[in-house]
Amino acid sequence: ALTLHHIAADGWSQGILVREIAAFYRGVPLAELPIQYADFALWQRQWLCGETLAQEIDWWRLRLAGAPEEIPLPTDRPRTAAPSNQGDRCRAALSQAVELRRLCREQQATLFMVLLAAFATLLSRWSGEEDLVVGSPIANRNRVETEGLIGFFVNTLPLRVNLAGQLPFAGLLASVREGTLAAYGHQDLPFEKLVEALQPARHLGRTPLFQVTLTLQNAPFAAVELPGLSLSPLPLDTGTAMFDLSLSLTEGTGELALEYRTDLFERTTALRLLEHFRVLLDAAAEDPELPLQEIALLTAAEAHQLLEWSPPLPEPAGPATVHRLLEAQAARSPEAVALVASGDGGELTYRELAVRVDALALRLRALGVGPEVRVALCARRSPASIIALLAVVRAGGAYVPLDPASPRRRLELLLEDSGARLLLADRDLAERLPPEHPPVLWLDEPLPPQPEPGPWRELAAESEPGGENLAYLIYTSGSTGRPKAVAVEHRSLAAHVRSTAAEYALGPGDRVLQFAALFFDVSVEEIFSCLERGATLVLASDRPAEAPSAFLAACHAAGVTVLNLPTAFWHQLAAALDAEGLALPPTLRLVIIGGEQALPAALAAWRRRVPPGVRLINAYGPTEATIGATFWEDRPETTPDPVPIGRPFSHARALVLDRGLRPVPVGVAGELCL
C-alpha cells in the first residue's frame, strides 16, 4: 500500500507512477526527464509575479464580480457552522455515449463543456439560481515537458455559468464553451492566490467561492499487462467529502460518481440528483434546441408518483349549488336539530330553519335578488345572521359578509367596491353604517306572511343559480393593504363542502362549533359542511375571544364534537392544556386548525395532553382557493418539523411547479399551484 499526500502528486501523477513501477517490474529502464518538478515550481514563481500576477488576478476579479457566494440547494439537514466533512458517494453509468459524442461534434464543444452545461442546468433547476459558480480541477500541464512528471500541477478553476433568459441548451453550451476557454487562458493562477486576492467572506461551514465541483477524469491511465499479473484501478471510498457535492465522470469507463456531504444530504437525495443528471443529459443530447426549462428532469417513475399524489380531478358528482345540498339534507332529517344558539340555548330543527330561510329568500327574490346579485351582510353572529346568509344563497344571490366593527370608511369602501344592491343588517348597527349605502333590510323586522308556507318551495326557475354563479364574496386585507375581494362560485363551494364533510366524517351525531367570524372564509366551511351532513351547528359567543379555560368550559357544556380553530388560538390552547392541566370536552373527536404555520412545540404539547382518539388536522388554503385545499392529519408515529400542510382534499389538486409550470422533483423548492 502506498499513500501519497495530494501536495506531492495529483491524479495525473498516479498513472505515471503505475507505468513507471510496471517498467521497473519488467526491467525496462526509464528515459531521462527533460525537467524536474522543482524546475516547474521555480519557473512558476518567477513568471507569476509583478504585473503578470496583477493581470491574472484582475481578470478573475472581473470574471467573478457579483457572483453569488453559494448555490442555495435544498438540503435534507440544515448547514452547521462547523461541518464534520463526513461524506459518501453514489455511482451510476453514463448512457447515450454515442449521442453525447455527436452533440460535442455538432456544437464544437468538449465533453467537459457538455457536462458543465448539463450540471449547471440541473443545479439551477434544483436551486432556482440562474447565476452560479462551479469549481473544477484542471490538469494544468499545458507544456510537453510536464506531461511525464510526478507532482502537484492540478489547479482549481471557479467556472461561472449564467442561465438567465430563455436559452436553449445549445445556447447555454455556446456560452459555457466561451467561458471555459477564457478560463483556460488564465488557469495558471493558483486557487489559493485567487482566494487571497478576492478575500471572500470565510465560513467554517462552506468552502470559498464555490461548494460544488465537476470533474472529468480523463488523465491517461492505460491498462498495464505484466507477466503473471493483472492491474486494475480499485475505487476507494474515504468516507469524507471535500465539498457539498462533487460530480465526476471517468471518461474511459463511463462511470458517474457523486460525492456528497452526509451532514447535508441523505443518500436517497444524492441518488435522485444523480439520476436527474442522467435524464437531463439524455434529453439535452437528443434535442439541444430545447429551452432549459423544458428539458426533462423527472424519471418516469417520479412523474408517475407525483401524478398519484395529486391525480387529475374527476368530474364533480352531485348538485353544483350548495342550496340544493341543504335542501336534500332538510328533506332527509327535518326534525333533527340544525342550529343551536349560545347563551339562551335556543335551537332550530332543519324544518324550522328551512321555513325561515325560505321566507327570507322569497322576500329577497321580490327585491330583485338573483344570480350574480351581491347582498351585503353586516351582522353579529346569531341565528338571524346564519339564516340571512343562507337565504341570500337560496335566493340565488351572492352574500358579502362585512365586519360590524370595521370603521365606517372601510364599510363604505367595501359596499361600493362589491356593488352590493341590498344590505342585511342588525338594527342596532344603524349608526355605524356609512351615510351612502344600499337599501337596508333589518334582520329583526318581521317578514310579511307568505302564502302556503313550507320549507324549500320551488322558486322561479329563471332565478335559479348555476354552478358558475357566485355564492359569496369575501374581502381580504390584500398584500398592499387595500381590501381585495375573493369571488367564489357555487360549484367550487359545493365541491369543497362535499369533500371536507366526507374527510371530516361529519354526520347527524356531530355538534360543530361555529367559531370563525362570518367575514372569514372558514365560517363558510363550518356552516355549510355541517348542515350538508345533518349535523348540529353550535353558534359560539360573539363576545371577544375567551381564555382557554372558559372556551373549553363552553364547548363542554354544548357537547361540541368538532372544532375548527385558527392556528394562533390553537397554539394558546395547546400551551394552556399543557401548563394548566386543562382537559378537552369528552365529546370532542376532531380539531381542525389552519390560517398560519403550526409550531412543532405546540404539537408536542398537544400530544402530551390529548388522547390519541381526538383527530388533529392541519388544513391549508388561501381564500382564493375556496377555503382549504390541502390537509395533514397528525399521526403519533411521526415527528414532523415543520408541521406539513399534507396532501390535497379530493376536490383539489396541489402541484409544486417550476417557473415553466412543470412539476419539480421531491425536495426541490417550487411554487405551490392549486
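Contact is taken here as heavy atoms within 4.5 Å, and helices (H or I, at least four residues) and strands (E, at least two) are DSSP runs numbered from the N terminus. The model is predicted, so local features need pLDDT of at least 70 and side-chain atom pairs count only at pLDDT 80 or more, while totals for chains, interfaces and linings use all residues. Residues are numbered from 1 along each chain as its sequence is written, and side-chain values use heavy atoms, with hydrogens and water left out.

Two packed helices are described by the angle between their axes and the distance between the axes. Axes are lines fitted to C-alpha atoms, for helices over the stretch in contact, and angles run from 0 to 180 degrees between N-to-C directions. Helix 11 (residues 350-366) packs on helix 12 (residues 383-394) at an angle of about 55°, and their axes are 8 Å apart. The two helices are therefore oblique to each other (angles under 35 degrees count as roughly parallel, over 145 as roughly antiparallel, 65 to 115 as roughly perpendicular and the rest as oblique). From helix 11, Leu 353, Arg 356, Val 357, Asp 358, Leu 360, Ala 361, Leu 364 and Arg 365 meet Ile 387, Ala 388, Leu 390, Ala 391, Val 392 and Arg 394 of helix 12. The residues of this contact comprise ten nonpolar, no polar and four charged. In this division Ala, Val, Leu, Ile, Met, Phe, Trp, Tyr, Cys and Pro count as nonpolar, Asp, Glu, Lys and Arg as charged, and the others, Gly among them, as polar.

Helix 10 (residues 322-332) and helix 14 (residues 490-503) pack at about 45°, with axes 8 Å apart. Helix 10 is thus oblique to helix 14. Val 322, His 323 and Leu 325 of helix 10 make the contact with His 490, Leu 493, Ala 494, Val 497 and Arg 498 of helix 14. Five of the residues in the contact of helix 10 with helix 14 are nonpolar, two are polar and one is charged.

Burial is given by relative accessible area (buried under 20%, exposed over 50%, partly exposed in between; 1.4 Å probe, protein chains only). In helix 15 (residues 522-532), ten of the eleven residues are buried, including Val 524, Ile 527, Phe 528 and Leu 531. Gly 534, with a positive phi near 75°, follows helix 15. Leu 17 of helix 1 (residues 11-26) is partly exposed, at 21%. Beyond its neighbours within four places in sequence, Leu 17 is in contact with Leu 2, Leu 4 and Ile 150.

Asn 140 has a phi of about 60° and is found in the loop between strand 2 (131-138) and strand 3 (155-162); Asn 140 is buried, with a relative accessible area of 5%. Gln 199 has a phi of about 50° and lies in the loop between helix 7 (191-198) and strand 4 (212-217); Gln 199 is exposed, at 64%. A cis peptide bond, with omega about 5°, joins Asp 641 and Pro 642, and Pro 642 lies in the loop between strand 22 (630-633) and strand 23 (647-648).

Arg 615 is placed in strand 21 (residues 615-620). Apart from neighbours within four places in sequence, the contacts of Arg 615 include Tyr 504, Arg 589, Val 591 and Glu 633.
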